[in-house]
Amino acid sequence: MKLAHLADLHLGFRQFDRQTPRGGNQREADIAEAFRRAVDDLLAQQPDLVLVAGDVFHSVRPTNAAILFLWRQLQRIRVALPETAIVVIAGNHDTPRSAETGTILRLYEALGVEVVVDKPRGLHFPKLDCAVLAVPSQALSAPERPALRPEPGAALNVLLVHGLLEEVLGPEESAAEYWGATLTRAEIAPAQWDYVALGDYHVAHEVAANAWYPGSLEYVNPRAWVQLREEARRKLPGKGYLLVDLPGAKVTFRHVPTARRLLDLRPVQGAGLTAKEIDEQIAERVAKARPPIEDQVVRLVVYGVSRATARDLDHAAIRSFKARALNFHLDVRRPDATYEAGIGAPGRRQTLPETVKEFLGRRLLDADVNREEFVRLGVAYVEEAGQEEPVT
Ligand SMILES: [Mn+2]
């Protein structure tokens, strides 16, 4: 039996202000395109079972465009592979905060897709003699953790679950970036399953020979640059999904190229340099970018630049880079992390984490959100983002 394992599609994710010719958000179109390409490959590979391990949509209330898009793609699989079973679980991104909100995922049951949103559900596919225990994100947030056990009668047992095994995080990553429920290796106990299909972590990762994260299909994390480095460390060609032969769990990574590249240009060490010297280094980094920056998502960090020097940079040149790239983020960092006191300001100004802490402390929240934890995560997140190390 051949199984396809996808996760973290994040359909509906939007970023930057570039629009498509039809007026949609360009990054949202990129995210959709990644899934369309994955479906193209699924139709060629003809799996018997398709598992989507959560975070199908980026939010609980996706746009009509995203809802329709997913319908059409699932319909393509339905028509081309009528015998193929499809199972979708909700992740932390597409789980409603309250039962009243409901979930749009249920819509796809009309296409014959098995949709599991709240409690764990055991599914059995007699033609494949395969049982799938589907465990959505919400099941792991319940006060009583479910025991995850295979079905004794089935020839093949697969666990499908959305949660974070913290041991997979790279040195620069943190659990706060994923927000989902955490899992332990003892809970998933890979040895008792033929295969464990995980979702939540966005870089493809082998947890055990028969337990994998396929990773997301596009770069949707605010700190996607960290993921790029993690992918390089793991010698991954980029984004994709997994094909698994059962029994025996022979796993193949199917690379699905993204619509455009993320380019993290080599940082400029600006300390002691004049504005003109920094301009020259920026221009040199841009000129050497491969692929060229046209229509790509580009970041260039410049360290150790005073406010005065930053003012004197060649802003016309920077604007021209911004016009060429889909997004060009010139990330100019001050010589030290704390902010300078403004003229006439009474003492020290708040640091960014302090401002974030104050803002999140008084922001309106849903009743079921724990404010203390919410503020703690927000502040940790901002602090981490400010501490990114230069790349060599
Ligand atoms: Mn996700």
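Two residues are in contact if their C-beta atoms, placed from the backbone, lie within 7 Å.

**Figure 1. Overview of the predicted model**. Residues 24 or more positions apart account for 69% of the contacts with a separation of 6 or more. The protein has 10 helices and 17 strands. Its C-alpha trace spans about 75 × 45 × 40 Å along the principal axes. A compact globule of 392 residues would have a radius of gyration near 21 Å, and the 23 Å of the protein agrees with this. Buried residues make up 36% of the 392 residues.

**Figure 2. The three assigned domains**. Domain 1 covers residues 2-255. Domain 2 covers 262-335, and domain 3 covers 351-392. The C-alpha centres of domain 1 and domain 3 lie 27 Å apart.

**Figure 3. Strand S2, covered on both faces**. In a regular strand the side chains alternate between the two faces of the sheet. Strand S2 spans residues 49-52. Leu49 and Leu51 sit on one side of S2, while Val50 and Val52 sit on the other. All four of these residues are buried.

**Figure 4. From S1 to S2 by way of helix H1**. Strand S1, residues 2-6, runs parallel to S2. Four bridges join the two strands. His5 stands opposite Leu51 in S2. Between S1 and S2 the chain passes through helix H1, residues 26-45. This β-α-β crossover is right-handed.

**Figure 5. From S2 to S3 by way of helix H2**. S2 also runs parallel to strand S3, residues 85-89, and four bridges join them. Here Val52 stands opposite Val88 in S3. The chain leaves S2, passes through helix H2 (residues 64-80) and reaches S3. This β-α-β crossover is right-handed.

**Figure 6. An open sheet of six strands**. The strand order is S5-S6-S7-S10-S12-S11, and the pairing is mixed. Strand S5 (121-125) and strand S11 (205-208) are the edges. Each edge strand pairs on one side only. Neighbouring strands of this sheet are turned by 20 degrees against each other on average, direction ignored.

**Figure 7. Inside the sheet: S7 beside S10**. Strand S7 covers residues 156-162, and strand S10 covers residues 195-199. The two pair in the parallel sense over five bridges. Which residue of S10 stands opposite Val158? The residue is Tyr195.

Methods:
Residues numbered from 1 in each chain as written. Predicted model: local features only at pLDDT ≥ 70, side-chain atom pairs only at ≥ 80, totals over all residues. Rg over C-alpha atoms; globule rule 2.2 N^0.38 Å. Buried ≥ 20, exposed ≤ 12 C-beta atoms within 10 Å, placed from the backbone. Pairing = 2+ DSSP bridges. Right-handed = clockwise from strand over helix to strand, strands pointing away. Domains from an automatic or database assignment. Axes fitted to C-alpha atoms, helices over the stretch in contact; angles between N-to-C directions.
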